[in-house]
Amino acid sequence: MSGREKLDALLEEHGTTYAEEAGIRLRDTPQPLYQLLVLSHLLSARIRASVAVASARALFAHGMRSPRRMADATWQERVDALGEGGYRRYDERTATQLGDGAALLLDAYGGDLRRLRRDADGDTDALRSGLRRFPGMGPAGADIFLREAQAVWPEAAPYLDSKALQGAERLGLPTSPAGLRRLAKDREPSVLAAALVRAALDKDVVDSVSSAG
């Protein structure tokens, strides 16, 4: 099975971004970008990705889809929504961080992450540093956000971080961003990154791709 065939099989079966899975219609507008920030925060914890996605969906279903609505929600409302999604191990701390992060976004950027993008002026390291200002958004959270946001912030593309490259290694694919992009040709880099991360996190993904041949 060639590398191209493996990549095609991976993308056909697992080529869904985490934003799509969480019901976020990602565009370069304030609300979906904020929702991606929340999802990235949740995904960065040591918890199953499916639980993080379900918890993001629960927060959004309870109306916490914008920084203003998140900041205006009570701490208990945030805890309850996280618990509904199964995010119980970190729910109390995360509820506090989400409230503080929403307040910071409102104060520093008027609730609009595009201002952070504007300030970064095409510098991916500056984007990463700006994202890490938000409580609970460490290096992993910033990587998750940029892996997904490259679909609408093309200056960050191709954003294939160490977790995505780990997935490539497990599949026997090139382990450099340049090599993967050559293999993927015109495939959307955010979809490529998400599929590779799924391979890094789940052996069943690797097995399903290998058996496809």
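Predicted model: local features only at pLDDT ≥ 70, side-chain atom pairs only at ≥ 80, totals over all residues.

So, what volume does the largest cavity have? About 70 Å³. Residues are numbered from 1 along each chain as its sequence is written, and side-chain values use heavy atoms, with hydrogens and water left out.

Back to the cavity. By that I mean, on a 1 Å grid over the protein atoms alone, a set of points where a 1.4 Å probe fits but cannot get out; a pocket is an open set with protein on both sides within 12 Å along at least five of seven lines, and lining residues have an atom within 4 Å of a point. Grid points are joined across faces, edges and corners, and a volume is the space filled by probe spheres set on the points. Searching the whole structure turns up one cavity of 30 Å³ or more. Its lining includes Y34, H41, Q97 and F134. Two or more lining residues come from each of α3 (30-43) and α7 (91-109). Helices here are DSSP runs (H or I, at least four residues), strands are E runs of at least two, and both are numbered from the N terminus. For the classes, Ala, Val, Leu, Ile, Met, Phe, Trp, Tyr, Cys and Pro are nonpolar, Asp, Glu, Lys and Arg charged, and the others, Gly among them, polar.

Now the largest pocket, at about 460 Å³. It has 20 lining residues, with L43, I47, A49, V197 and L201 nearest its centre. Which helix gives the largest share of that lining? That's α10, with four residues. In this pocket the lining has nine nonpolar, three polar and eight charged residues.

Zooming out, the protein chain has 14 helices and zero strands. The C-alpha trace spans about 55 × 40 × 25 Å along its principal axes. Of the 213 residues, 51% are buried, meaning under 20% relative accessible area, with exposed over 50% and partly exposed in between (1.4 Å probe, protein chains only).

Buried or exposed? K185 is exposed, because its relative accessible area is 53%. From K185 to L82 is 39 Å, C-alpha to C-alpha, and 103 residues in sequence.
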